[in-house]
Amino acid sequence: MSKIHFTKMHGCGNDYIYVDTTQYNIPDPEAASIKWSHRHKGVGSDGLVLIGKSTVPEADFTMRIFNADGSEAMMCGNASRCIGKYLYERGMTDQTEIRLLTLSGVKVLSLHVTGGIVESVTVDMGEPVLENESQFLTSRTPGHGTFVSMGNPHYVIFTEDVNQVGEAGPALEYHPAFPQRCNIEFARVEADGSIRTRVWERGSGITQACGTGACATAVAAVLTGKAGRTSQIAMDGGTLTIEWSEQDNHVYMTGPAEFVCDGEIAL
């Protein structure tokens with residue numbers, strides 16, 4: 001039985017198992033993600049992330065993300081920051097600007113390095129999409145929320161009770177308004193101007209943080225007049241700085257990434 005070397009990392013508590021596919025082949029990543037992500041019988045994570053070398057000139061590396069239920073995600077902001085740290089500190093690149101190919105396009109990672117250590121990463125998440133019939137049917141709107149696609153679909157609800165995430169999240173994920181299911185954010189503007197956010201991630205349930213969810217929340221806050229163009233999004237696992245630029249309409253996410261451990265697991 002072959003063994004796979006993995007690295008566990010987290011961004012604001014959003015933890016994934018990372019595998020370098022230039023070294024190891026994962027023939028069935030859906031099954032591997034389900035098995036390895038189990039909190040009691042596996043490594044324990046929100047999913048599996050595969051790092052690859054890009055075969056197209058527009059990008060340097062690739063990222064594939066599989067949720068804990070085996071479904072493949074289009075994008076993950078926290079995972080992309082972790083990949084930036086992984087690539088630089090493991091010597092796979094000496095560049096501090098990395099072009100990462102995802103299912104939602106090429107994302108540019110800007111690494112903030114001090115003494116050879118990646119302290120934080122800013123990700124150009126691209127432009128938010130506010131209407132997408134393949135992801136959101138306006139005729140079946142589930143309530144008073146704001147739809148924002150960051151490549152993957154999000155529905156942001158501003159409420160005083162952000163802790164309803166566990167009760168309301170599952171039904172909203174599968175609501176008929178969302179043909180591809182949906183990530184759900186419950187958000188509240190705090191006295192200091194930060195936005196307290198709890199996340200129900202499509203395919204994973206409640207997670208400590210969600211990078212695309214933080215971006216969607218910041219965009220929704222601007223659209224509803226609750227915040228300016230730069231927001232501090234405080235999630236269960238930490239805080240991300242999100243800027244929705246007026247110059248290019250892109251959303252920029254800045255936050256930390258951390259190594260947890262390395263190990264081997266049977267394939």
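Strands here are DSSP runs of E with at least two residues, helices are runs of H or I with at least four, and both are numbered from the N terminus. The model is a predicted one, in which local features need pLDDT of at least 70 and side-chain atom pairs count only at pLDDT 80 or more, while totals for chains, interfaces and linings use all residues. Residues are numbered from 1 along each chain as its sequence is written, and side-chain values use heavy atoms, with hydrogens and water left out.

Although Asn249 is not a glycine, its phi is positive, at about 70°.

Strands are DSSP runs of E with at least two residues, helices are runs of H or I with at least four, and both are numbered from the N terminus. The model is predicted: local features need pLDDT of at least 70, side-chain atom pairs count only at pLDDT 80 or more, and totals for chains, interfaces and linings use all residues. Residues are numbered from 1 along each chain as its sequence is written, and side-chain values use heavy atoms, with hydrogens and water left out.

Although Asn249 is not a glycine, its phi is positive, at about 70°.

Next, select Cys12, in the loop between strand 1 and strand 2 (14-20). Cys12 also is not a glycine and has a positive phi, of about 55°. Its relative accessible area is 4%, and Cys12 is therefore buried.

Move to His10, which belongs to strand 1 (residues 3-11). His10 is partly exposed, at 24% relative accessibility. Its side chain reaches the backbone nitrogen of Gly13 at 2.9 Å. Show also Asp15, Cys82, Ala257, Glu258 and Val260, with which His10 is in contact when neighbours within four places in sequence are left aside; contact means heavy atoms within 4.5 Å.

Select Ser33, in helix 1 (residues 29-37). Is Ser33 buried or exposed? Ser33 is buried, at a relative accessible area of 0%. Leaving aside neighbours within four places in sequence, its contacts are Gly47, Leu48, Phe66, Asn67 and Ala68.

Finally, display the whole protein, which has four helices and 17 strands. Its radius of gyration is 18 Å, close to the 18 Å that the globule rule gives for 267 residues, so the protein is as compact as a globular protein of that length. The radius is taken over C-alpha atoms, and the rule is 2.2 Å times the number of residues to the power 0.38. Along the principal axes, the C-alpha atoms fill a box of roughly 50 × 40 × 35 Å. Of the 267 residues, 52% count as buried.

Key:
Buried < 20%, exposed > 50% of the residue type's maximum accessible area, 1.4 Å probe, protein only. Polar contact = N/O pair within 3.5 Å; in protein donor to acceptor, adjacent residues only side chain to side chain.
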